[in-house]
Amino acid sequence: MGSNDRAIFLDQDDIPRNWYNIQADLPEPIPPPLDPGTLQPINPEKLLRVFAKELVLQEVSQERYVKIPDEVYDAYKWLPRPTPLYRARKLEEYLKTPARIYYKWEGVNPAGSHKPNTAFAQAYYNAKQGIENLTTETGAGQWGSALSMAAAYFGLHARVYMVSASYNQKPGRRVMMETWGAKCFSSPSDQTSYGKKLQEEDPNNPGSLGIAISEAVEDAVTHDNTRYTLGSVLNHVLMHQTVIGQEVEKQLDIVDKKPDVLVGNIGGGSNFGGFCLPFMGKKLKGKLDARFVACESAAVPHTTKGKYTYDYGDTGHLTPLLKMLTLGSEFRNPPIHAGGLRYHGMAPIISYLIQKGYMESYAYSQTAAFDAATIFARTEGIIPAPESAHEIRYVIDEAFRCKRDNKSEVIVFNNSGHGLLDLSAYELYNSGKLEDFEATEFNYPTIVREEAR
Ligand SMILES: *Cc1c(COP(=O)(O)O)cnc(C)c1O
């Protein structure tokens, strides 16, 4: 434990012993997942062929705290955790703001993002159950690389379906996955019947996360001793990520600060959920008065323009339906550089909290995000992931509002990963060639629960 002018460190024994499950503290249960066949609440038994058993139990658990198994605790130390919380003094000075800005830095592990926090938990429970093969999808490759590293750690084989557009344009993370021993396929692939069908219809199909999920699920259910893993959206994934927020609570205690605003980016909602849900639990109990701000891409405005309804998690409609803010499972990903922000839906927990007004959300274009990321890199040194750039845009705007109104707010954000494999996007931005995409046409989900009944 300790702090210097810049960073607040914890000891390894300060890693939280439990994950925090917000489901125990929500004002009402979130609506259950529906069976895609019957459109009735799904029987969890049916999910056992898709996910490791312990993960299915965690998905529906109402226990407030779930103990982190020793093997996962050791893996967190190995990554390493705890991660530092930084005070962004140089950024504050540059902005001449009275606000105090802190950020949690999740880019320190070898995969470079928050995603190993759940990848190691998921790989562990599968290994413990005797599963040998994991399948998953990945967009730009952050999740696929985190899972590949975790699979190597626990001695499992990983098969990763990577969105074709990224597979061709961003070989860096594919090479990382292969180096860690995973098999990586360009999706739509020739490995699944769904992928083959799409390839026949259009050999140049650029793929999407929704398509890659369908392939990874099909692969899991058609092979022995194989289970599927998902890097975001689901309740158990957000729960595993709460090591982030619980560490931040301890770190802010060391400097005797309470957050006024908690900010993060939302792709599927896992890094922001993990960062802010421990604080949200306190807010729901009246013990904390803070604002919660989620930032998304204007090209994929799932929470600012999406519908709150039941929708499929994938394009092939193999997954259960989740009640979430969504742009529709047929949504075609625009080619923004923040690969992690391209998913059509949003975690049911985050969707619920936004819908009920406990959380705000804002959408930014990628040039606005890269403007902010560049200021951040020049003041704090870290080149952030394009995803994280979106919340840095909000943080800088908020710091300016504090200056205008002479308010000394404590702004805390989750810097979810580094952008060192996204330098081609920075190169485009630096040369003035980065384009914006405005989402104009949505393929809103056709299945709304009320209609389905
Ligand atoms: C995947 C990813 C995201 C978005 O996913 P969430 O589940 O919303 O956290 C954000 N930042 C980074 C660095 C990522 O790798």
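Biologist: In which loop does Pro-80 lie?
Modeller: This is a predicted model, where local features need pLDDT of at least 70, side-chain atom pairs count only at pLDDT 80 or more, and totals for chains, interfaces and linings use all residues. Residues are numbered from 1 along each chain as its sequence is written, and side-chain values use heavy atoms, leaving out hydrogens and water. Helices (H or I, at least four residues) and strands (E, at least two) are DSSP runs, numbered from the N terminus. With those labels, Pro-80 sits in the loop between α2 (70-78) and β5 (85-87).

Biologist: What is omega for the peptide bond from Arg-81 to Pro-82?
Modeller: Pro-82 is placed in the loop between α2 and β5. The bond from Leu-79 to Pro-80 is cis, with omega near 15°. The bond from Arg-81 to Pro-82 is cis too, its omega being near -10°.

Biologist: What is phi of Leu-39?
Modeller: Look for Leu-39 in the loop between β3 (18-20) and α1 (53-60). Leu-39 isn't a glycine, yet its phi is positive, near 60°.

Biologist: OK, on to the ligand: which residues come nearest?
Modeller: A residue is near if one of its heavy atoms lies within 4 Å of the molecule. There are 17 residues around the ligand, and the nearest are Lys-115, Ser-232, Gly-267, Ser-270 and Asn-271.

Biologist: How far is a polar side-chain atom of Ser-232 from an oxygen atom of the ligand?
Modeller: We're talking about polar contacts here, meaning N or O atoms within 3.5 Å. Lys-115 has a polar side-chain atom 2.6 Å from a ligand oxygen, and for Gln-142 the value is 3.3 Å. For Ser-232 it is 2.5 Å.

Biologist: How much of the ligand's accessible area does the protein cover?
Modeller: Accessible areas come from the Shrake-Rupley method with a 1.4 Å probe. On its own the ligand has 380 Å² of such area, and the protein's share of cover is 97%.

Biologist: Which domains does the ligand lie between?
Modeller: Domain bounds come from an automatic or database assignment. Both domains give residues to the shell around the ligand, so the ligand lies between domain 1 (2-14 + 69-112 + 236-452) and domain 2 (18-67 + 114-234).

Technical notes
Polar contact = N/O pair within 3.5 Å; in protein donor to acceptor, adjacent residues only side chain to side chain.
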